[in-house]
Amino acid sequence: MMRLKVKEYYRVKSTQEAINLKRQYGEKAMYIAGGTDVIVGIKNKKWNPEVLISLNEIPGLSYIKEENGYIKIGALTTHRQIEKSPLIERKVEALMDAVKNLGSVQIRNVATIGGNLCNAAPSADTAPPLLVHNAMINLEGPEGQRSLPLEEFFLGPGKTSKKEEELLIEITIPVPPKTAKSAYWKHTRRSALELPIIGVALYLDVELGDYGRLQKVFDSPDLTWDDGLRALNESEIFCKELRLALGVAAPIPLKIKDLDGIVKGKRLNDQVFSEVIELALQKAQVRDSWRGAAWYRKEMIRVLTKRLVLICLRRILKEV
Amino acid sequence: MRYTINFKLNGEEMSTEVDPSWTLLYFLREVLGLKGTKEGCGMGECGACTVQINGKAVLSCIYPVMEIEGKEVWTIEGLAQSSEALHPLQRAFIEHGAIQCGFCTPGMIMSAKALLEENPSPTEEEIKEAIAGNICRCTGYVQIIEAIKYAAEERHGSKE
């Protein structure tokens, strides 16, 4: 049975202690939290650290709270804690969609949101939801703390703008207005222990015109996607803001920029969706892999973007 | 380098020396000789190595042994009082034919145990979610789900 090539293991009690150790050992050392990526990476020989610096005993980095107009998530918060959070369920729906289908219960019990972001996989499930929510991240390093938008964090597969010894401390999400909802669709072959073929997150804020008929259609128990889209085309829902992010569509989790010009103030209908999707497909760099072919991924971006608009609208109309 | 760690295993306080190169699974099987916990994929994808840590189902094959310091670990060996006094989940698995080759069974039961402790009356969907990370190649899962349901109902005394 496989052993790890780890010689020393530190369970630090503060961020400063972790940073100092990382400076001391340099490339020989790796940070570890839940370990569900780190240990697998060591077993796969992707990494070969002699020293592991465990962050799990640092107090005060595991929380979900609302404060001064922001939802704040500590980096050591597990996916399971997020999954059980009424605050996330109410206000960051796309993130809830993502954590519910990530790995398995066993993985979610230990895997942390900070780890999912720092691992920077193009398929990281928590990234597209956080991108459409305009999340910021706080990093702590030898020179103190700094914060940056999450979209500036990802540089490539496994690469981030985090410096070697820096630690991800916290994720902050602006509390969305009441007329806004989000959703994430992880397109997979099976429902557990699977990476997405494509992941799509969408955030929608609307100005409701005449929505009575649409609400009735949405309430129908045997609603089909086509019925929903037809009803939407015939109603008057105006878009205040639409944000879109894709997983596995580029070397990084990708936020689609420049959507405002296309969507702001426009009536939500097929015309607008086509323009949004065309822009997304232009910016995406989908490719063939054994998990899915490029043409299929593109096709699913088309399908899922529309479905996610309907899911978001349904969530919005449930609360008006 | 060796480290001394303190933890509880199947209800008993332990203090022992460990090597940081060990996963929890390696420690359980190769050092303590507790072979009930299985190694399947060794990469956190099949659930055969599931144990409980502080009540939660966790994959011991990707869990560093150093992290059990101060924690409570339960393995399949801790469930039965004796061969005549099996845990209700163990009895339910036997009575419902939820075992064929048996390799996934310890992990399956540990996932089910963690579920029932958190949620004593799970729905079928909740049972499926709880064992979604445990792969069984023999049974087709139907009897496993029935066994877990039965154990849950039995706990409530509704089945005599």
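Predicted model: local features only at pLDDT ≥ 70, side-chain atom pairs only at ≥ 80, totals over all residues.
**View 1. Overall fold of chain A.** Chain A contains 13 helices and 14 strands. Its radius of gyration is 20 Å, close to the 20 Å that the globule rule gives for 320 residues, so chain A is as compact as a globular protein of that length. The C-alpha trace of chain A spans about 65 × 45 × 35 Å along its principal axes. Of the 320 residues of chain A, 48% count as buried. When contacts in chain A between residues at least 6 apart in sequence are considered, 70% join residues at least 24 apart.

**View 2. The contact between chain A and chain B.** Here 28 residues of chain A are in contact with 31 residues of chain B. On the side of chain A that touches chain B, at least two residues each come from β1 (8-11), α2 (38-43), β3 (51-54) and α6 (105-110) of chain A. Helix α6(A) gives the most to this side, with five residues. By class, the side of chain A that touches chain B has 13 nonpolar, nine polar and six charged residues.

**View 3. The two domains of chain B.** The domain assignment divides chain B into domain 1 (3-76) and domain 2 (88-155). Taken over C-alpha atoms, the centres of domain 1 of chain B and domain 2 of chain B are separated by 21 Å.

**View 4. Where domain 1 of chain B touches domain 2 of chain B.** In this view, 14 residues of domain 1 of chain B are in contact with 13 residues of domain 2 of chain B. On the domain 1 side, the elements that give two or more residues are β3 (50-53) and β4 (56-59) of chain B. Strand β3(B) supplies the largest share of that side, three residues. The residues on the domain 1 side divide into six nonpolar, six polar and two charged.

**View 5. Helix α5 of chain B and its buried face.** Helix α5 (residues 142-155) of chain B has 14 residues. From its first C-alpha to its last, α5(B) reaches 20 Å, close to the 20 Å expected at 1.5 Å a residue. Buried residues in α5(B) are B:Ile144, B:Ala147, B:Ile148, B:Ala151 and B:Ala152. Seen down the axis of α5(B), these buried residues fall within an arc of 135°, so they line one face of the helix. What covers the buried residues of α5(B) includes α2 (88-95), α3 (105-118) and α4 (124-130) of chain B.

Conventions:
Residues numbered from 1 in each chain as written. Chains lettered and ligands numbered in written order. Domains from an automatic or database assignment. Contact = placed C-beta atoms within 7 Å. Helix = DSSP H or I, 4+ residues; strand = E, 2+ residues; numbered from the N terminus. Nonpolar A, V, L, I, M, F, W, Y, C, P; charged D, E, K, R; others polar. Expected span 1.5 Å × (residues − 1). Buried ≥ 20, exposed ≤ 12 C-beta atoms within 10 Å, placed from the backbone. Arc of directions from axis to C-beta. Rg over C-alpha atoms; globule rule 2.2 N^0.38 Å.
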